[in-house]
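Keep the sequence and the 3D view at hand while you read.

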Amino acid sequence: MTDQTAPPTPTAPSVPSVLHLESAGTALVLEPRAGGSGLPEVLHWGSALAGGASTYAALSAVTTAPMPPSAFDAPWPLTVLPGEADGWSGTPGWAGHRAGAAGAVRWHDVTCEVVDAALVTRASSPDGTLLELRHALDDHGVLRVDASVTNAGTDSVPLDVAALRAILPLPLRADEVLDLTGRWCRERSPQRSRLDHGTHLRASRRGRTGHDATLLMMAGTSGFGWRHGEVWAVHTAWSGNHEHLVEALPEGAGRHHAVLGGGELLAPGEVRLAPGETYAAPTVVFVHSTDGLDGLSRRLHRSLRARPGHPARPRPVVLNTWEAVYFETDLDHLKSLADTAASIGVERFVLDDGWFGGRRHDRAGLGDWVVSPDVWPDGLGPLVEHVKGLGLEFGLWFEPEMVNEDSDLVREHPEWVLRPADGSPREWRWQQLLDLTNDDARGQLFERISHLVADTGIDYIKWDHNRDLHEAVHTVTTTDGRRLVDAPAVHAHTLAFYRLLDDLRARHPRLEIESCSSGGARVDLGVLDRTDRIWTSDCNDALERASIQRWTSLLVPAELMGTHIGPATAHTTHRTVDLGFRMLMALQGHAGLEWDISSCSAAELEQLTAWTALARELRPLLHTGDLARSETPDGTLQVTGTIAPDGGRAAYTVARLVTGRDAVTGAVPLPGLDPSRTYAVRVRPEAGLPAVVESAPAAWWERALTADGLVVPGAVLTDVGLPVPVLGPAQGYLLDVRAV
């Protein structure tokens, strides 16, 4: 008799344990490796899935990728820090080496746990490198990744860090890439491409964020736009050299189609860790939206507004003197300018370049932060007293990181200039860079600025930065006594810049600081952690500003984005734009003026007085609401709405950029309103009315100009819209919409 064994009873496959974060409709799911034998695998990043923990636990069993021929014999994971040892053939998350050692890093003793609502991964390598990764998802669905490595080696061999990137997966349906480029006075211009095989890499080696910085690297479903499509995005919160990438390989990315990532861009030898030293990479911010680009902005803006240090008080209406007087800082003229500013409702007066040292033009004096006795024999006191006597705050321009060769500072301390041992970098606007990593240089700079803030009563600093950092190297002595000649310095300089800002804010807690950099060349979340707004662009041409401000607002909320009325004929483009359109565009951010308003006509001053009152009325809405943006199919007409969190009020800018294909645009919807509510719509003439309105749709336009406005169901406004008057380029209007 043959011994027969009963077949085993089928059992459900075991479901590996996973860890997840979920918030505001976004989820991150990691699967730790058994026994800590490798880094956790990323199973999912994107929309939260129904079912929560049980659904996430099932991902491991149901999403295993099939293996193609001529490939690894078993599936491989896309880990939280992918590299060769994981089977990843793309851009690695970690790259570093020690003298005498090379090859892929294998991580051991891996732990992954939930710590303070974040997933924290720790690991070590056989050569003594310690790794820590922290993935934190905030209440608004914004994911921040922080990473650090420590040289815990037992010998004296330094650890050179080449890269420490944050990388997350993209699904197959993400098949388009959108990023931004630009130049001076044309920052943040969009460019689209297909997500094809290879690496779409945007690397900045400018030593500052850059006019051409991508701001957000975005990948999304076909044709994603302002209000539709699924989008994944990344931003490196760093003001120095950095990179963003989207990458797809023919064999995919483990269970996924492609990857999205970013991090600091390091020069060879720039970060060399002696035993016991740590490199902390800049925070990399990831955000996902199922509601197009507006959904990205909504998450990012709400997240920024929830910061403890976010500006809480209303943003004062500003007058900056640069395009009003340039270097002609005559006291009587400035007093007249301040008088006019106060009379029209300005709340902050900012004196720009030309007040210090021998600074009568841009070729000399930069770095000599002492009030010029030639121009100001009695100091700045008479101007400051006059300005503050009018009830205005006083602000002052500095460019602390730069020096002119023709300056007392460089003549006294040539060793404080950041440059190669063999000579100076090419000049840019007649400037070189002050070496902020030099304690003596930074200390003198800090004390001189701090003294002026305290002694003069400065409320606000416009902090400028007008050149790229080329050949940003210096000679340093390391902690172990080695002398390094022409060592890369952008990383250390950026940290020293942050430290200088932090020290100033610690000594002067009420001081506000603006980040300006040839206009908008330093716009990133690293600098915004330490400042109160950015200068969006040196271009005050309102027509150019329409696009610059729209794309800047992807990341930066209105209250952090400087938007000013410039002169009728723009300094940068020489285009003449009427006052109505200039006022309209300047309402889209932290509103102000940069114009010699003491020369304005009585009619212009009356318009500006009404405009500043409107800016003060609307800023509680414009600086707290969610953006809703749309445009006509040909892109010639923009609609930009800001909707209050409760949906009870909104403001819409309707702006014609260029002539359209059609003679009559037709009805344009107002996105973002509640279709179940009823609204009163008013045209606000204080924001400027079109100079020419031909064939205006009187049935609604004239009623909307009344105090009661035009009452319309929300469904009509969102699904049908309102007819647009016949507008020429650089014409538009503001709609004030309130629930009734």
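Two strands pair if DSSP finds at least two bridges between them. Helices (H or I, at least four residues) and strands (E, at least two) are DSSP runs, numbered from the N terminus. This is a predicted model: local features need pLDDT of at least 70, side-chain atom pairs count only at pLDDT 80 or more, and totals for chains, interfaces and linings use all residues. Residues are numbered from 1 along each chain as its sequence is written, and side-chain values use heavy atoms, with hydrogens and water left out.

**Confidence**
- The mean pLDDT (the predictor's confidence in each residue, from 0 to 100) is 94 for the protein. A value of 70 or more is reached by 96% of its residues.
- Residues 1–15 have pLDDT below 50. Beyond near neighbours in sequence, this stretch makes 2 contacts in the model; contact means heavy atoms within 4.5 Å.

**The barrel**
- A barrel is closed by 8 strands in the order 21-22-23-26-29-30-31-32, with parallel pairing.
- From one strand to the next, the twist averages 30°. Axes here are lines fitted to C-alpha atoms, for helices over the stretch in contact, and angles run from 0 to 180 degrees between N-to-C directions.
- Strand 31 (residues 561–565) pairs with strand 32 (residues 590–593) in the parallel sense, over 4 bridges. Ile-565 has Leu-593 as its bridge partner in strand 32.
- Helix 8 (residues 490–507) packs on the sheet and touches strand 26 (460–463) and strand 29 (512–515). The direction of helix 8 makes about 170° with that of strand 26.
- Helix 10 (residues 542–552) lies across strand 30 (533–535) and strand 31. Helix 10 runs at about 165° to strand 31.

- An open sheet of 4 strands has the order 10-17-16-13, paired antiparallel.
- Strand 10 (166–170) and strand 13 (198–204) are at the edges, each with a single partner strand, so one side of each is left without a neighbour in the sheet.
- On average, neighbouring strands of this sheet are turned by 10° against each other, direction ignored.
- Strand 16 (residues 242–248) and strand 17 (residues 258–264) run antiparallel and are joined by 6 bridges. His-242 has Glu-264 as its bridge partner in strand 17.

**Strand 37 and its partners**
- Strand 37 (residues 678–683) pairs antiparallel with strand 38 (residues 710–713) over 4 bridges.
- Strand 37 is also joined to strand 40 (residues 731–739) by 5 bridges, again antiparallel.
- Val-681 has Leu-710 as its bridge partner in strand 38. In strand 40, the bridge partner of Val-681 is Val-737.
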